[in-house]
Amino acid sequence: MARIEIPAGDLSESIRLLELQPAMGNAMAVLAEAIYEKSGLDVRLREAIRMRVAQLNQCQVCLNFRFPELVEAGVTEAFYDAVGQYQQSNLLDEKEKLVIEYAERFIEDHLNIDEALFNRLKQHFNPTEIYEITSTIAGLLANGRTMQVLQIEQSCAL
């Protein structure tokens with residue numbers, strides 16, 4: 001049960017929450033659309049980020065949600081399992097490991113992200129990609145924590 005009163009209706013609590021403050025709700029929806037439908041990031045990179053953020057947020061909905069259409073890109077259960085153990089994984093490539101590390105540091109120790117990490121990011125990604133990676137981490141973190149802190153019943157609306 002949600003910690004705050006949200007509008008009644010047939011839609012999921014996570015969708016009805018957005019109605020409380022339409023400008024903010026719309027902004028969250030637009031960001032989610034950008035992450036999932038308009039990003040230029042490779043889907044494996046995006047999924048690596050999504051899963052690591054879900055693991056760190058302990059978002060049960062995201063931890064359990066799978067995009068069946070991504071199996072052809074190699075996004076399998078083995079891929080998802082590898083994300084949590086990325087440093088030892090032979091399944092993930094260098095770029096995937098790097099975005100997972102960046103997501104971890106962004107969430108757990110953002111004030112200590114150093115130039116060494118950014119130099120590594122710049123070796124693999126252009127400025128637009130680094131901005132997309134950063135915005136994806138921030139958007140997923142914000143949405144997941146908002147839903148958890150407010151105890152909003154979630155179903156994946158993707």
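**Exercise 1. Is the crossing of helix 3 and helix 6 left-handed or right-handed?** Work out how these two helices pack, and what they use to do it.

*Solution.* First, the ground rules. You are looking at a predicted model, where local features need pLDDT of at least 70, side-chain atom pairs count only at pLDDT 80 or more, and totals for chains, interfaces and linings use all residues. Residues are numbered from 1 along each chain as its sequence is written, and side-chain values use heavy atoms, with hydrogens and water left out.

Step 1: find the helices. Helices are DSSP runs of H or I with at least four residues (strands are runs of E with at least two), numbered from the N terminus. Helix 3 covers 43-57, and helix 6 covers residues 94-108.

Step 2: get the geometry. Two packed helices are described by the angle between their axes and the distance between the axes. Here the angle is about 35° and the axes are 9 Å apart. The axes are lines fitted to C-alpha atoms, for helices over the stretch in contact, and angles run from 0 to 180 degrees between N-to-C directions.

Step 3: settle the hand. The crossing of helix 3 and helix 6 is right-handed.

Step 4: list who touches whom. Helix 3 brings R44, L45, A48, I49, R52, V53 and L56, and helix 6 brings K95, E96, V99, I100, A103, E104, I107 and E108. Contact here means heavy atoms within 4.5 Å.

Step 5: sort them. The contact of helix 3 with helix 6 has nine nonpolar, no polar and six charged residues. Ala, Val, Leu, Ile, Met, Phe, Trp, Tyr, Cys and Pro count as nonpolar, Asp, Glu, Lys and Arg as charged, and the others, Gly among them, as polar.

**Exercise 2. Describe how helix 3 packs on helix 5.**

*Solution.* Step 1: the angle between helix 3 and helix 5 is about 55°, and their axes are 9 Å apart. So helix 3 is oblique to helix 5. For the cut-offs, under 35 degrees is roughly parallel, over 145 roughly antiparallel, 65 to 115 roughly perpendicular, and the rest oblique.

Step 1: this crossing is right-handed.

Step 2: from helix 3 come R44, E47, A48, R50, M51, R52 and Q55, and from helix 5 come F79, Y80, V83 and G84. By class, that gives five nonpolar, two polar and four charged residues.

**Exercise 3. Now do it for helix 2 and helix 8.**

*Solution.* Step 1: helix 2 (residues 22-38) meets helix 8 (residues 127-149) at an angle of about 135°, with the axes 10 Å apart. That makes helix 2 oblique to helix 8.

Step 1: the hand is left-handed for this pair.

Step 2: M28, L31, I35 and Y36 of helix 2 touch S135, T136, G139, L140, A142 and N143 of helix 8. Sorted by class, there are six nonpolar, four polar and no charged residues.

**Exercise 4. Where is Q58 found, and what is its phi?**

*Solution.* Step 1: Q58 lies in the loop between helix 3 and helix 4.

Step 1: its phi is positive, about 55°, although Q58 is not a glycine. Most residues other than glycine have a negative phi.

Step 2: Q58 is partly exposed, with a relative accessible area of 47%.

Note on methods:
A crossing is left-handed if the near helix is turned anticlockwise from the far one by less than a right angle, and right-handed if clockwise. Buried means under 20% relative accessible area, exposed over 50%, partly exposed in between (1.4 Å probe, protein chains only).
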